[in-house]
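Visitor: I have a model open on my screen and would like to learn how to read it. Could you take me through it feature by feature?

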Amino acid sequence: MENELELKTQKERDELTIFLNGEVNTGTAPQLKEILDEELPSLNVVTFDFEKCDFVSSAGLRILLSTFKTLKKKKGKMNVINIGPTFKESLNITGLDKVFGCK
């Protein structure tokens, strides 16, 4: 499943949940960015569900951080849920677990 990422979205009003399946890396991150570039202006809440996501590279972390900053500017909220042990460790090391309020 190398360099594969399947994204499913569920939108209700100004809230979007993105279900990630696979890896977020340099090759697949543009898929995620494209969805966010299109949807983010109309959103107040974005939830990233990492239950089926195996790996997140620095490219993926940049997208998360950018989304967080955009939402924060307009008093929105970002949720990062169902993170696995490997991704959780990356977030802990970078301190982003405290920034994103991971569940």
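Guide: Gladly! Helices (H or I, at least four residues) and strands (E, at least two) are DSSP runs, numbered from the N terminus. This is a predicted model, where local features need pLDDT of at least 70 and side-chain atom pairs count only at pLDDT 80 or more, while totals for chains, interfaces and linings use all residues. Residues are numbered from 1 along each chain as its sequence is written, and side-chain values use heavy atoms, leaving out hydrogens and water.

Visitor: Which strands does helix 2 lie across?

Guide: Contact here means heavy atoms within 4.5 Å. Axes are lines fitted to C-alpha atoms, for helices over the stretch in contact, with angles from 0 to 180 degrees between N-to-C directions. Helix 2 (residues 58–73) lies across strand 2 (15–24), strand 3 and strand 4, and runs at about 170° to strand 3.

Visitor: What is the order of the strands in the sheet?

Guide: Strands of a sheet pair through backbone hydrogen bonds, either parallel or antiparallel. Two strands count as paired if DSSP finds at least two bridges between them. Here four strands form an open sheet in the order 1-2-3-4, with mixed pairing. Strand 1 (5–12) and strand 4 (77–81) are at the edges with a single partner strand each, so one side of each has no neighbour in the sheet. Neighbouring strands are turned by 15° against each other on average, direction ignored.

Visitor: How many bridges join strand 1 to strand 2?

Guide: Eight, and these two strands run antiparallel. K11 has L16 in strand 2 as its bridge partner. Their hairpin has two residues between the strands, and R13 takes a positive phi near 50° there. Strand 3 (residues 45–56) and strand 4 run parallel, joined by five bridges, with D49 opposite I81 of strand 4.

Visitor: And how do I read aromatic pairs?

Guide: Rings of Phe, Tyr and Trp (its six-membered ring) pair if their centres lie within 6.5 Å; planes under 30 degrees apart are stacked, over 60 edge-to-face, and the rest tilted. The count by this rule is three aromatic pairs. One of them, F50 with F87, is tilted, at 4.7 Å centre to centre and 50° between the planes. F50 belongs to strand 3 and F87 to helix 3 (residues 85–94), so this pair ties together parts 37 residues apart in sequence.
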